[in-house]
Amino acid sequence: MTMIATQQVTMQLLGGGQTVTILQDVTLEIPDKQTVAIVGPSGSGKSTLLGLIAGLDRPTSGSIWLDGREITQLGEKAMARLRLANVGYIFQSFHLIPTLTALENVSIPLELTGDSHARRRATELLQAVGLGHRISHYPVQLSGGEQQRVAVARAFACRPPILLADEPTGNLDSQTGQQVIQLIMALHRDAGTTLVLVTHDQQLAASMERVITLRDGRIGSDQLTSNDGNGSGGQI
Ligand SMILES: Nc1ncnc2c1ncn2[C@@H]1O[C@H](COP(=O)(O)OP(=O)(O)OP(=O)(O)O)[C@@H](O)[C@H]1O
Ligand SMILES: [Mg+2]
């Protein structure tokens, strides 16, 4: 079954009074549970593509489907609801809410879905990412790796079928980065999450089942690796 599909997605923006084409005719299908790396030079459109798949932005033209529903047809409210239920997003720069504790940050998506056990579930998630002793800490009181683990717990809170991660290890040292990746892969295995990860790390990309390379806003190559889907094929 296809979990993510894009059909001729094009994104143009105005920059310096000129129309700049950031993505052009990007068509792809990502099956349920697949692990995909998106790689390519800086400025090739990776973050833009991920943001469009997440419904954070709308393409200039083309269509995007998540789990069979065309998100490019949805209004803001319907889009927000669908995103909450289906998509976890991890940013390079963590994006935790600074005025909320770790526990509160992870509780938010659960509370938004009306989960009456939000706090308990958030506590369990923080324990699962090794931060049971840091639940009352504010982001500023946490290290970068700890903040990213809170962000991972938050992204998985509603058990989304899709996890999107934009350079999740980009701001971490290599050892902490590996811990975060191992955590993401463990949660992917347990929950059968479809995983799309943007990275500049060749080794990490090679540990996914599929590597898509963007060049100047187009798909330059799209290759399956020899990995079996539980993240054991690479060296991570
Ligand atoms: N709001 C915007 N207005 C104008 N141009 C933009 C805007 N956002 C992004 N761009 C341009 O679109 C191109 C693609 O940006 P994007 O952030 O998707 O690249 P990327 O592949 O994620 O790069 P990096 O590896 O550096 O994160 C870049 O040239 C960028 O300057
Ligand atoms: Mg980027």
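Figure 1. T6 stands opposite L28, a residue of β2. The model shown is predicted: local features need pLDDT of at least 70, side-chain atom pairs count only at pLDDT 80 or more, and totals for chains, interfaces and linings use all residues. Residues are numbered from 1 along each chain as its sequence is written, chains are lettered from A and ligands numbered from 1 in the order in which they are written, and side-chain values use heavy atoms, with hydrogens and water left out. Strand β1 covers residues 2-15 and strand β2 residues 18-31; the two pair in the antiparallel sense over 10 bridges. Strands (E, at least two residues) and helices (H or I, at least four) are DSSP runs, numbered from the N terminus, and two strands pair if DSSP finds at least two bridges between them. G15 stands opposite Q18 in β2. The hairpin of β1 and β2 has two residues between the strands, and G16 there takes a positive phi near 60°.

**Figure 2. The open sheet of four strands.** The strand order is β2-β1-β4-β5, with antiparallel pairing. The edge strands are β2 and β5 (residues 69-70), each of which pairs on one side only. Strand β4 (residues 61-66) runs antiparallel to β1 and is joined to β1 by five bridges. Within β4, L66 is the bridge partner of I4. In general, strands of a sheet pair through backbone hydrogen bonds, either parallel or antiparallel.

**Figure 3. The surroundings of ligand 1.** The shell consists of L13, I22, P41, S42, G43, S44, G45, K46, S47, T48, E167 and H200; a residue counts as near a molecule if one of its heavy atoms lies within 4 Å of it. By class, the shell has three nonpolar, seven polar and two charged residues. Here Ala, Val, Leu, Ile, Met, Phe, Trp, Tyr, Cys and Pro count as nonpolar, Asp, Glu, Lys and Arg as charged, and the others, Gly among them, as polar. Helix α1 (residues 46-53) gives the most to this shell, with three residues.

**Figure 4. Atom pairs between the protein and ligand 1.** A polar side-chain atom of T48 lies 2.6 Å from an oxygen atom of the ligand. From the backbone, an N or O atom of G45 lies 3.0 Å from an oxygen atom of ligand 1, and an N or O atom of S44 lies 3.2 Å from an oxygen atom of ligand 1. Taken alone, ligand 1 exposes 640 Å², of which the protein buries 58%; accessible areas come from the Shrake-Rupley method with a 1.4 Å probe.

**Figure 5. Helix α1 and its end.** Six of the eight residues of α1 are buried, and the helix is mostly covered. Buried means under 20% relative accessible area, exposed over 50%, and partly exposed in between (1.4 Å probe, protein chains only). The buried residues are K46, L49, L50, G51, L52 and I53. G55, whose phi is positive, near 75°, follows α1.

**Figure 6. The aromatic pair.** A search of the whole structure finds one aromatic pair. The ring centres of Y89 and F91 lie 4.6 Å apart and the planes stand at 45°, so the pair is tilted. Rings of Phe, Tyr and Trp (its six-membered ring) pair if their centres lie within 6.5 Å; planes under 30 degrees apart count as stacked, over 60 as edge-to-face and the rest as tilted. Y89 counts as buried at 13% relative accessibility, whereas F91, at 23%, counts as partly exposed.

Technical notes
A polar contact is a pair of N or O atoms within 3.5 Å; within protein, one must be able to donate a hydrogen and the other to accept it, and residues adjacent in sequence count only if both atoms are side-chain atoms.
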